[in-house]
Amino acid sequence: MHALKLHTLTLAEQLADLAVDALIDEADLSPKPALVDRRGNGAHNDLHLGLMHASALSLWPAFKEMAEAAIELGEIGLPLREALGRIGREGEQAMLTTTQGVNTHRGAIWALGLLVAAVALDPTSRNASALSLRAARLALLNDRYAPQPLSHGVQVAQRYGVRGAREEAQLGFPAVLQRGLPQLHASRVQQQGEQNARLDALLAIMTQLADTCVLYRAGTEGLQAMQQGAQAVLDAGGSASLGGRRRLNELDQQLLALNASPGGAADLLAACLFIDRIESCDGAF
Ligand SMILES: CC(C)(COP(=O)(O)OP(=O)(O)OC[C@H]1O[C@@H](n2cnc3c(N)ncnc32)[C@H](O[C@H]2O[C@H](COP(=O)(O)OP(=O)(O)OP(=O)(O)O)[C@@H](O)[C@H]2O)[C@@H]1O)[C@@H](O)C(=O)NCCC(=O)NCCS
Ligand SMILES: Nc1ncnc2[nH]cnc12
């Protein structure tokens, strides 16, 4: 008879599981305005839900390695920042191989990678502000080996003078801490269902974020439509209310017409769900 061998997950493996779970929960959440979800491809002709799942799963080794690097190096400093940069770039390559070149989760590797490392550095300190502060301190360090591509984010940051993904992390994810998480908690208190609470959290993030994906595709008209439309859904009672659902449908149609995909807001919803899960576990994850 074979003995059943149980493998206890390491901390790094548990954190990688949680990061991938957050990405899959984000992808599955429906109906998200102009984003890939269970209904369809939103404003994307090169993406679908299966690809988002495959992309999320391809990132598990990178998240695990980022957590291991944080545990091994043990402190915030250039060695850890540069290790995260190297692992992040390898993660991007794994993602691009899986998706045959489509950028599904670049911003999510960045945000979740920093947060995974922030938890691994001190798993006993799990509240959102402490975590985001450690992530911000990592993001503020300059990775000497990072290539300097003229990315979409850099192009629109220059053109419109906005904060992109890098600055959002360096500030400790204000769209998540000040908007997404409080809205998630407030909507849960109203007991109208977890999916509606998550949709409301996404909308709250959208009200404030300078999403460089939206700006690149649809300029300031797209960004205003996203921010004001998301606020209109929340003002009408949120995604659980009939009025809110009507506004959400209007926002979906408007963003689709503008080809404006809030991919940055989607990544930050995944970050929000990850932090929420870390904060709510006591003991093992
Ligand atoms: C620091 C980096 C995040 C690089 O940032 P940068 O702004 O230079 O680069 P981008 O390539 O533009 O990627 C940033 C991605 O971050 C998301 N995002 C956008 N706005 C915000 C915001 N205000 N706050 C937070 N996050 C934001 C967004 O990701 C999502 O959109 C992706 C699709 O974008 P895009 O390629 O533009 O796609 P399309 O519009 O569809 O393109 P076309 O089809 O039109 O051609 C999607 O993947 C979502 O994830 C931005 O894309 C960081 O990445 C970096 O430095 N990496 C190097 C390695 C490293 O250090 N890693 C650290 C590991 S901890
Ligand atoms: N659900 C989604 N749809 C499109 N782009 C995304 N980037 C991250 N999540 C996304």
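Colleague: What share of the accessible surface of the protein chain belongs to carbon and sulfur atoms?

Modeller: This is a predicted model. The protein chain has an accessible surface of about 13,200 Å². The part that belongs to carbon and sulfur atoms is 51%.

Colleague: How many helices and how many strands does the protein chain have, and how does its radius of gyration stand against the globule rule?

Modeller: The secondary structure comes to 13 helices and zero strands. For 285 residues the globule rule gives 19 Å, and the radius of gyration of the protein chain is close to that, so the chain is as compact as a globular protein of that length. The radius of gyration is 18 Å.

Colleague: Which percentage of contacts between residues at least 6 apart in sequence join residues at least 24 apart?

Modeller: A contact here means heavy atoms within 4.5 Å. Among contacts in the protein chain that meet the separation of at least 6, the share joining residues at least 24 apart is 73%.

Colleague: How far apart do the centres of the positive and negative side chains lie?

Modeller: The protein chain carries 24 positive and 30 negative side chains. The centres of these two sets are separated by 2 Å.

Colleague: Is Gly-238 buried or exposed?

Modeller: Gly-238 sits in the loop between helix H11 (212-235) and helix H12 (242-258). Leaving out residues up to four places away in sequence, it touches Asp-200, Val-233, Gly-244 and Arg-245. A residue counts as buried under 20% relative accessible area. The value for Gly-238 is 2%, so Gly-238 is buried.

Conventions
Residues are numbered from 1 along each chain as its sequence is written. Chains are lettered from A and ligands numbered from 1 in the order in which they are written. This is a predicted model: local features need pLDDT of at least 70, side-chain atom pairs count only at pLDDT 80 or more; totals for chains, interfaces and linings use all residues. Side-chain values use heavy atoms; hydrogens and water are left out. Helices (H or I, at least four residues) and strands (E, at least two) are DSSP runs, numbered from the N terminus. The radius of gyration is taken over C-alpha atoms; the globule rule is 2.2 Å times the number of residues to the power 0.38. Accessible areas come from the Shrake-Rupley method with a 1.4 Å probe; for residues, only the protein chains shown count as cover. Lys and Arg count as positive and Asp and Glu as negative; His and the chain ends are not counted. The place of a charge is taken as NZ of Lys, CZ of Arg, CG of Asp or CD of Glu. Buried means under 20% relative accessible area, exposed over 50%, partly exposed in between (1.4 Å probe, protein chains only).
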